[in-house]
Amino acid sequence: MQSAAYSLSSPCSIPSLKPRKFGSRAGFQPIRVSSSFAAPERHEHSVSLPNRSWRLSSSSSLPLRAWNLVPFDSKPDRFEVRATAAESAGEGEKSGSLVKTLELGLLFGLWYLFNIYFNIYNKQVLKVFHYPVTISAVQFAVGTIIVSLMWTFNLYKKPKVSGEQLVAIVPLALVHILGNLFTNMSLGKVAVSFTHTIKAMEPFFSVVLSAMFLGELPTLWVVGSLLPIVGGVVLASVTEASFNWPGFWSAMASNLANQSRNVLSKKLMVKKEESLDNITLFSIITIMSFILLAPVAIFVEGIKFTPAYMQSAGLNVKEVVVRSLLAALSFHAYQQVSYMILQRVSPVTHSVGNCVKRVVVIVSSVIFFKTPVSLINSLGTGIALAGVFLYSRVKRIKPKAKAA
């Protein structure tokens, strides 16, 4: 066993120790501590210590010289490394969560922005070019080109669709056509703000159609949330400066068509093995809508979207074409982004975002077109939108199960 020998020198007058002479400087003689395998000498006091080498000596500046002491156990070091790794992982998770939040915020911002552009450009075109069927066909045509490019360049995976699926999608495409067509008809007749105030009635049609065709009976909370929606729309309608019945009924028909599409989606696309994701389904519906509507537009309104006709009608050809294309691009973009958001959030969150979107569109259109709005009209619109927000919150409240 290793031992450490302390050599202690002192000038004390002990008979067994020989006194040593002090140097010229006052102070203590060095105290030597060394590790050795040899047995201690006769006049030295032995103390057993671990294998360490200490040197303590006196000096003029400091009585003791510092030493380095290495601990036996290195577990604290390992603990520190593990803690650092855990902290790094936590920071990585926080960073990833922040990126997802920023990405979602960007998508919501684009959703609202494309909606604003669509409604403004679409209204500007429909005010001077009174052919809503043709404009709807142009919007589906632009959407078809975008979808084809996405599939061609593998920006989105091209789906493999069976004939049975295509047959099931045809009714969805028909009501999609009607929903967009009636919206354009309403925008051509009344103010953008009024069209979207009426479209706040969508939850009402959703509840009625779901009860009729899906057997989904609403809770009392849902029914209660519909009251301010209906009351607000009525109040806004009776005080609307641009009110006319064709514009009003077109917006109501748009609500009916859009909510019929949602109900049909649930009723027809029920088999999991045949289900398509939302973006793929929307892409197929867009192409199918163009194929179905284009011949109808030509038959009903003729070939009007040409430079020759626009010039003969005294229109600015470049202005109408550019605004029509921008409206079509915004129309497809906002719906595409809407489905991208729906893949990332719950339907309730998406519904709340849709309510906020309608508020943003109404306010922006009022500011841009300088639409005259009375206090009562604003109050009615606000009540209707508050009802939509309330509906989106209470819709997730499930009825209590009856005891057996």
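Helices here are DSSP runs (H or I, at least four residues; strands are E, at least two), numbered from the N terminus. This is a predicted model, where local features need pLDDT of at least 70 and side-chain atom pairs count only at pLDDT 80 or more, while totals for chains, interfaces and linings use all residues. Residues are numbered from 1 along each chain as its sequence is written, and side-chain values use heavy atoms, with hydrogens and water left out.

**Annotated spans**
- The unreviewed UniProt entry gives "transmembrane region" for residues 104-121, 133-153, 165-183, 278-300 and 375-392; such annotations may be inferred rather than shown by experiment.
- Residues 375-392 are also 100% helix and 0% strand, with end C-alpha atoms 26 Å apart.

**Helix 12**
- Helix 12 (residues 375-394) has 20 residues and reaches 28 Å from first to last C-alpha, close to the 28 Å expected (1.5 Å times one less than its number of residues).
- Its buried residues (under 20% relative accessible area, 1.4 Å probe, protein chains only) include N377, G380, T381, A384 and Y391.
- The buried residues of helix 12 pack against helices 4, 5, 6 and 11, with contact meaning heavy atoms within 4.5 Å.

**Helix 2 and helix 10**
- The axes (lines fitted to C-alpha atoms over the stretch in contact) of helix 2 (residues 132-152) and helix 10 (residues 317-342) come within 9 Å and cross at roughly 60°.
- Among the residues that meet are I135, F140 and M150 in helix 2, and L325, F331 and H332 in helix 10.

Methods:
Buried < 20%, exposed > 50% of the residue type's maximum accessible area, 1.4 Å probe, protein only. Axes fitted to C-alpha atoms, helices over the stretch in contact; angles between N-to-C directions.
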